[in-house]
Amino acid sequence: SNDRRKHLRHQARSRANQREQKTKRCQVNRFDAMIHTAARAALRRQQTDGSMPAGHNGLYGDPETPARNTAHWIVTFSYCLTQLGDTTFSSPLERALEYLTKNSLRPKNATFICRTNPNKDQSNGLIGQAWIIEGLVVGGRAINHQKSLMLARTLIDLHPFEPRMKCWRIVHPDGSYANIDRTFNHQLWFAACASLLTDHRSARHEVRKFLDNLSDKRMFAILPSGRIVHALNPFPHPELIIDFSRRGINSIVNTAIPPSPTTGGAGSDHSKRVKSKTFLRAVGYQAFNLYAFAILRDQFPEHAFWNSLRLRQAVRYIESNEFTAALDRNPFGLPYNPIGFEAPYIAEHFPHWLRKPKKLVYSLLEQQLEQHWDPEQAMLSKNTHDSETLTARIYELTRCVPRQIATTSRVMN
């Protein structure tokens with residue numbers, strides 16, 4: 001009878017839902033267990049002053065102060081405390097925040113000293129300060145650490161917002177101003193992290209102007225493939241570029257006009273090497289950019305930019321054959337930028353622009369863990385130039401919803 005068939009279909013759906021919910025619970029436990037295990041192992045590496053071990057920015061080899069990795073671990077410790085309910089992390093989290101709020105890395109009460117390479121700015125442009133702001137805001141809210149929240153506001157306010165280009169200038173640790181940061185992902189991440197301080201009206205007003213300006217191709221440029229151009233185009237306002245380095249112009253030109261990945265570009269062997277490196281770098285940073293866009297979409301969900309054709313092309317690029325092929329042995333990819341941890345958050349926010357978001361997430365997460373996760377050390381210490389920094393970046397996984405990841409990865413067991 002019809003009633004009998006309806007009853008059987010209802011029972012089948014019910015059993016299927018139960019299996020799905022059980023699978024989701026296992027996946028949540030598995031991902032949370034990995035994050036928790038890595039964080040517990042990291043506690044043993046925390047210094048008496050509250051800092052976490054410094055890295056050297058991966059393949060760039062720039063010695064860093066503990067500021068960056070401490071900020072990253074603050075986000076993970078906050079997750080373990082507030083989402084996993086492990087109160088063991090309360091004291092280490094507070095000590096890490098106290099470390100950042102002391103003046104040891106801000107001797108002039110300006111920006112943080114993030115790296116010590118004498119040939120580069122110590123603040124690490126905008127991105128160095130953005131990561132610290134992120135940790136201060138997330139950790140400050142987790143345990144109501146007001147000094148951290150006040151310092152985050154101070155760091156944002158230190159950076160002048162250029163009204164014509166609608167982006168921010170670099171501020172050195174001595175308080176002096178430099179040029180605008182010409183790297184697009186630095187501007188994007190500074191906007192994303194500044195937006196986290198939701199009660200800072202003037203900062204959010206600047207971030208909204210930044211988003212408004214992304215319709216300008218000089219700010220947010222992509223190639224026909226969808227690959228995001230690494231550098232801003234400063235030429236409409238050359239007076240804003242105060243201090244070109246010896247490689248400044250060449251770097252911008254080589255980045256803004258990338259070659260075909262198959263040809264490597266025309267010209268000398270040196271040109272081919274530079275352009276090939278530029279291509280690999282842009283591929284490696286694609287998901288990093290999209291992750292910051294996802295943060296901004298959380299904060300400004302109604303903004304018109306989320307209907308942008310160029311953003312849609314950029315999102316779709318991470319499913320392209322070019323992107324997949326260029327990740328193979330790419331030093332700017334999984335060994336440096338944890339694309340496997342970035343993909344879930346991207347897929348969660350832009351699923352309508354991806355053909356097979358679950359398959360994409362599964363593939364990238366599997367690659368990330370199989371190539372780099374060492375369960376004995378509870379670190380991402382395999383096949384990487386900088387295990388401390390790559391492991392600290394496990395924090396990027398805490399923003400996604402693990403139960404939406406369809407995987408049965410054996411590497412986390």
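Predicted model: local features only at pLDDT ≥ 70, side-chain atom pairs only at ≥ 80, totals over all residues.

Colleague: What makes a residue buried or exposed, and what percentage of the protein chain counts as buried?

Modeller: Buried means under 20% relative accessible area, exposed means over 50%, and partly exposed is in between, using a 1.4 Å probe and protein chains only. Of the 413 residues in the protein chain, 56% count as buried.

Colleague: Why is helix H12 said to be largely enclosed by the rest of the structure?

Modeller: Helix H12 covers residues 339-349, and because ten of its eleven residues are buried, it is described as largely enclosed by the rest of the structure. Among the buried residues of H12 are Phe341, Pro344, Tyr345 and His349.

Colleague: Why is H4 called roughly antiparallel to H5?

Modeller: Two packed helices are described by the angle between their axes and the distance between the axes. Axes are lines fitted to C-alpha atoms, for helices over the stretch in contact, and the angles run from 0 to 180 degrees between N-to-C directions. The axes of H4 (residues 125-142) and H5 (residues 146-158) come within 8 Å and cross at roughly 155 degrees. Angles under 35 degrees count as roughly parallel, over 145 as roughly antiparallel, 65 to 115 as roughly perpendicular and the rest as oblique, so H4 is roughly antiparallel to H5.

Colleague: Which classes of residue make up the contact of H4 with H5?

Modeller: Contact means heavy atoms within 4.5 Å, and the residues that make it include Ile132, Leu136 and Arg141 of H4 together with Leu151 and Leu155 of H5. By class, this contact has nine nonpolar, three polar and one charged residues. Here Ala, Val, Leu, Ile, Met, Phe, Trp, Tyr, Cys and Pro count as nonpolar, Asp, Glu, Lys and Arg as charged, and the others, Gly among them, as polar.

Colleague: Why are H3 and H4 called oblique?

Modeller: Helix H3 (residues 90-101) and H4 pack at an angle of about 135 degrees, with their axes 10 Å apart, and that angle falls among the rest in the list of cut-offs, so H3 and H4 are oblique to each other. The residues that meet include Leu93 and Leu97 in H3, and Gly135 and Gly139 in H4. By class, the contact of H3 with H4 has six nonpolar, four polar and no charged residues.

Colleague: What makes Asn144 exposed and Ala378 buried?

Modeller: Asn144, in the loop between H4 and H5, has a relative accessible area of 55% and is therefore exposed. Ala378, in the loop between H13 (357-372) and H14 (387-392), has a relative accessible area of 4% and is therefore buried. Asn144 has a positive phi of about 55 degrees although it is not a glycine, and phi of Ala378 is near 55 degrees, a positive value in a residue other than glycine.

Colleague: How do you know that Glu94 is partly exposed and Tyr395 buried?

Modeller: Glu94, found in helix H3, counts as partly exposed because its relative accessibility is 41%. Tyr395, in the segment after H14, counts as buried because its relative accessibility is 0%. Not counting residues up to four places away in sequence, Tyr395 touches His72, Val75, Thr76, Trp131, Glu134 and Trp189.

Methods. Residues numbered from 1 in each chain as written. Heavy atoms only, no water. Helix = DSSP H or I, 4+ residues; strand = E, 2+ residues; numbered from the N terminus.
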